[in-house]
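Have the structure open while you read.

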Amino acid sequence: MPAITEDFPFLKGVVYLDSAATSQMPVQVREVMADHYRLGASNVHRGVYDWSVRATDRFEETRQKVAEFIGASDPAECIFTGGTTEALNTVAQTWGEANISEGDTIVVTLMEHHSNLLPWMQLAERKKARLLWWEVTDEGELDLAQLPEILAAQPKLVALSWVSNVLGTINPVQTLVPQLKEHGAVVILDGAQGVPHLPTDVKALGADFLAFSAHKMMGPTGVGVLWGKRELLDAMPPCRFGGSMILSVRQDRVRWAELPHKFEGGTPNISGVHGLGAAVDYLQEVGMDSIRAHELELVGYAMEKFSNLDGLIVYGPQDPLKRSGVLSFDFHGIHPHDLATLIGREGVCVRAGHHCCQPLLKKLGRQGTTRASFYLYNTKKDVDALVLALKKAREVFKEIL
Amino acid sequence: MMDIAADDDLYKSIILEHYARPPYKGALTDHTHYDEGINPSCGDEIELFIKIVDDKVEKVHFDGVGCSICLASASMLTKILRGKTVEEARKYRQAFKDWLTVREPEPSPLDLDELEALGGVRYYPVRIKCALLAWETFEGALRKQSTN
């Protein structure tokens, strides 16, 4: 890993272990975003003056960068959205509305984030479709023994996380997707926890749709990407009507714009998209392979340290190779909010709660977990600080443990 | 990175004691009032069973799952409101809320007793709703009944 500390000056003195919720932004990204306003703002795809050309060029360059970043050959397949949630809802409201009928089967996994769950539960209810839950094993992995049942159900759609935001489990997407597709399923992949941390190649992943958010990969909030296969996107009706998304509007006839603009009604988050472009540049500069290797090292180190902590249980796969830089744990049964508060007092930022995965938490038999998550700016010292903070927390609760 | 006052002591013994050994935990069967409160951000859930006779809170029990602050506050509620009139109980709820949600509290007009141990919560704004969940549920139970 190259030295990057000076790109995150605000992290000095803070142990930030909540990048799975939102990542920190390097100064380089912030400057590119500020440029949009500092040098003169304008709308995109509109004006013919310099400012507009600059804004538009950077906007469309970002689309190109994002496409390259995820291995998509056609930038027009990358739709800018407000985030992962909006991207997933867009597919539910357009593709889902047009393709799901009464009696169809939709598969969701028990480890989905609510954002890749609720749109499909709602769709199933609207269409009287059948919802089939793909179970999670006690080891925190998708239950592969259930695969024959899933395939036999011939689902129209499978909604699947690439990486679980609670368990850290990396699902074996590349082996599962071809089988699902052979049986006629369209596969939508929630990439919110995958794309920022693992080298991404949509061709290798094989899914039909991939959704992810800029703010979990060093970019700003309010921007995300929906990637989809062109033939699917072309066949989908638009769902957000307004400026930018039309070819022509007459009183008696409307023609929609081509991809990607068909799905980008209204003025987009321009500086935010510019920020995403800068974030992709930053990640490319460091290298996704290096980032993955760095996180793997940290997870391995943390799990080793944790194994020496009496009363600590890590959820999810025990093999670091099967997981991302996300570690959910229980410590002596101390309620996650109490634990996170105590850890926070030591300057260590972790997340506590159900992580928007209540069905999964119910399966784990927990109301919530405490979660530490790593990114490229974290170090082994951060892990040491976490372990020390945990020991101090135990002291506070020792009289009732 | 966090603004913590010098006298911060969030997890006082009395809080942990209520959390570990709440005297009035578990459902009632002869309650006259009931409500459940949920904190959607953390999933904490409190059920309150209240028996009111002649406008007097004869007893209150709670059940549920939550953090130490949430459950200790619920346990303190069941202890402190026992035997109070409904009007007094409501005043307690208001007094506690007023006292807890200001940065620089004046001494409360009511004797908050053990509840004062929860004062440390005010330095953790996101935790204030943990301390208030049972109290809001109490108000909800009273209101539910009056609208029935």
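When we talk about the angle between two helices, each axis is a line fitted to C-alpha atoms over the stretch in contact, and the angle runs from 0 to 180 degrees between N-to-C directions. Keep in mind that this is a predicted model.

**Two helices crossing in chain B**
- Helix 1 (residues 13-20) of chain B packs against helix 2 (residues 68-80) of chain B at an angle of about 80 degrees, and their axes are 8 Å apart.
- Angles of 65 to 115 degrees count as roughly perpendicular, so helix 1 of chain B is roughly perpendicular to helix 2 of chain B.
- On the helix 1 side of chain B, the contact is made by B:Ile15, B:Leu16, B:His18 and B:Tyr19.
- Helix 2 of chain B brings B:Ser68, B:Ile69, B:Leu71, B:Ala72, B:Ser75 and B:Met76 to that contact.
- Sort the residues of this helix 1 and helix 2 contact in chain B by class and you get seven nonpolar, three polar and no charged ones.

**Where chain B meets chain A**
- Chain B puts 18 residues into the contact, and chain A puts in 16 residues.
- Helix 1 of chain B gives the largest share of chain B's side, with three residues.
- That side of chain B splits into 13 nonpolar residues, four polar and one charged.

**Helix 3 of chain B**
- Helix 3 (residues 86-100) of chain B has 15 residues and reaches 21 Å from its first C-alpha to its last, close to the 21 Å expected at 1.5 Å a residue.
- Which residues are buried in helix 3 of chain B? They are B:Ala89, B:Tyr92, B:Phe96, B:Trp99 and B:Leu100.
- Look down the axis of helix 3 of chain B and its buried residues fall within an arc of 95 degrees, so they line one face of the helix.

Technical notes:
Residues are numbered from 1 along each chain as its sequence is written. Chains are lettered from A and ligands numbered from 1 in the order in which they are written. This is a predicted model: local features need pLDDT of at least 70, side-chain atom pairs count only at pLDDT 80 or more; totals for chains, interfaces and linings use all residues. Helices (H or I, at least four residues) and strands (E, at least two) are DSSP runs, numbered from the N terminus. Angles under 35 degrees count as roughly parallel, over 145 as roughly antiparallel, 65 to 115 as roughly perpendicular and the rest as oblique. Two residues are in contact if their C-beta atoms, placed from the backbone, lie within 7 Å. Ala, Val, Leu, Ile, Met, Phe, Trp, Tyr, Cys and Pro count as nonpolar, Asp, Glu, Lys and Arg as charged, and the others, Gly among them, as polar. The expected span of a helix is 1.5 Å times one less than its number of residues. A residue is buried if 20 or more other C-beta atoms lie within 10 Å of its own, exposed if 12 or fewer, and partly exposed in between; C-beta atoms are placed from the backbone. The arc is that of the directions from the helix axis to the C-beta atoms.
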